[in-house]
Amino acid sequence: MSKIGHPPPTPTPVRVKDVVFGGGHPVIIAGPCSVESEEQLMTAAEACVENGVRVLRGGAFKPRSSPHSFQGLGVEGLEIMQRVARRTGLVTVTEAMSIEQIALVAEHADIIQIGTRNMFNFALLKELAKLKTPVLLKRGFMATIEEFLLAVEYLTVGGNTDVILCERGIRTFETITRNTLDLAGVAVLKRMCPLPVIVDPSHGTGRSDIIHAMSLAAIAGGADGIMVEVHPNPAKALCDGLQSLDLPGLRALAREVGALAAFLASRPSLDARAAPDASGGEGDGSVP
Ligand code: PEP
Ligand code: MN
C-alpha cells in the first residue's frame, strides 16, 4: 500500500488518436448504454461533436444481469459504431465480454472496455495484455483498490501499458443509489498509479439527477475524465434509461466541466496544495 504523505507518481498519459487521457485536461466520454440503431447512435454522436465531446461510448455486447433483458446488437452494433465514427471523427469505446470478442471489438473500435463483471477475468486480461489496443478497465463492483491495481498489472506487466482505469461504483449496503461511487478511491488511485483514472457516475449512481454533481466532484477531486450515458430519449432507452442524460443534459454537463477545468487550470494542483511540508515528514495522517 502507498504510505500517506508519499508524493504521487508522475502521470503517464494514454493517447488515443488525438485524445489524451491524463494529460491535464478532463476527457468526457459520452453515449448510450447500448447501441440500439444507427439513428440513435448518430444522434448521440452529433450531440457529442456539438458540445466538444471527443469520445463516443455504446455497448454492442451487453453484460445484462438478466438473460431476459436486451443483450445488445452484437456485430451489427459494432458496425454501426464504426460507421458513426467514420462520419463524425469521434474516438470510440465499446465492451468485449470474452476472449472471442476481443479481435472483433479491436477491429471496430479504438478502445476496448472491460466491464465491472470481468475485472477478475484474468484469462481475458492476459489476452488483452498481448494487444496494442488501449483498454478501459472498469473496477469490479466488489473489488478493493488493491485488487483493481493488480488487475491493471495483468495488462501492463503483460505488455499493454495503454490502460485507462474507471471507477464505476461498488456494491455496499446503500440502496438509494445503484452503487456507491468511491471518489476517495479515485483520489487514492491517483496517488498510487501513474495511469489515467476516469469516473463513471452513470453506473456509479444509477440516477440521472445526480450525474452532474458527481461528475464535477470527480473532476474537482482529480479524476482525468468522466464517462456518462446519454440517450436521445432516455424514457425509451432499451437499457439504463434512468441513469442516462438527455441531449440538453449533455450540453449542460459539457459546459460545466469546461468551466471547472478552466478554474482548476488556474490554480496550483491538488498535490501541490496537499503536499507535506518540505522536511519530507510522512506525517501520521491525522487531521490537525
Ligand atoms: C457499461 O459501461 O456499459 C457497463 C456495462 O458498465 P459496468 O461494467 O460498469 O456495469
Ligand atoms: Mn449501462
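## Helices α8 and α9

In this predicted model, helix α8 spans residues 211-220 and helix α9 spans residues 247-265. Their axes come within 10 Å and cross at roughly 25°. Angles under 35 degrees count as roughly parallel, so α8 is roughly parallel to α9. The crossing of α8 with α9 is right-handed.

On the α8 side, the contact is made by His212, Ser215, Leu216, Ile219 and Ala220. On the α9 side, it is made by Gly249, Ala252, Leu253, Glu256, Val257, Leu260 and Leu264. By residue class, the contact of α8 with α9 holds 8 nonpolar, 3 polar and 1 charged.

## Helices α1 and α9

Helix α9 also packs with helix α1, which covers residues 38-50. The angle between α1 and α9 is about 25°, and their axes are 10 Å apart. That angle makes α1 roughly parallel to α9. α1 and α9 cross in a right-handed sense.

From α1, the residues in the contact are Thr43, Ala47, Cys48 and Glu50. From α9, they are Leu247, Leu250 and Arg251. The contact of α1 with α9 divides into 4 nonpolar, 1 polar and 2 charged residues.

## Helices α5 and α6

Helix α5 (residues 145-156) and helix α6 (residues 183-192) have axes that come within 11 Å and cross at roughly 45°. The two helices are therefore oblique to each other. Their crossing is right-handed.

Ile145, Phe148 and Leu149 of α5 make the contact with Gly185, Leu189 and Met192 of α6. Of the residues in the contact of α5 with α6, 5 are nonpolar, 1 is polar and none is charged.

Which residues lie around ligand 1? They are Arg57, Lys62, Pro63, Glu95, Gln113, Gly115, Thr116, Arg117, Lys138, Arg168 and His203.

Definitions and conventions:
Residues numbered from 1 in each chain as written. Chains lettered and ligands numbered in written order. Predicted model: local features only at pLDDT ≥ 70, side-chain atom pairs only at ≥ 80, totals over all residues. Heavy atoms only, no water. Axes fitted to C-alpha atoms, helices over the stretch in contact; angles between N-to-C directions. Helix = DSSP H or I, 4+ residues; strand = E, 2+ residues; numbered from the N terminus. Parallel < 35°, antiparallel > 145°, perpendicular 65-115°, else oblique. Left-handed = near helix turned anticlockwise from the far one by under 90°. Contact = heavy atoms within 4.5 Å. Nonpolar A, V, L, I, M, F, W, Y, C, P; charged D, E, K, R; others polar. Near = heavy atom within 4 Å.
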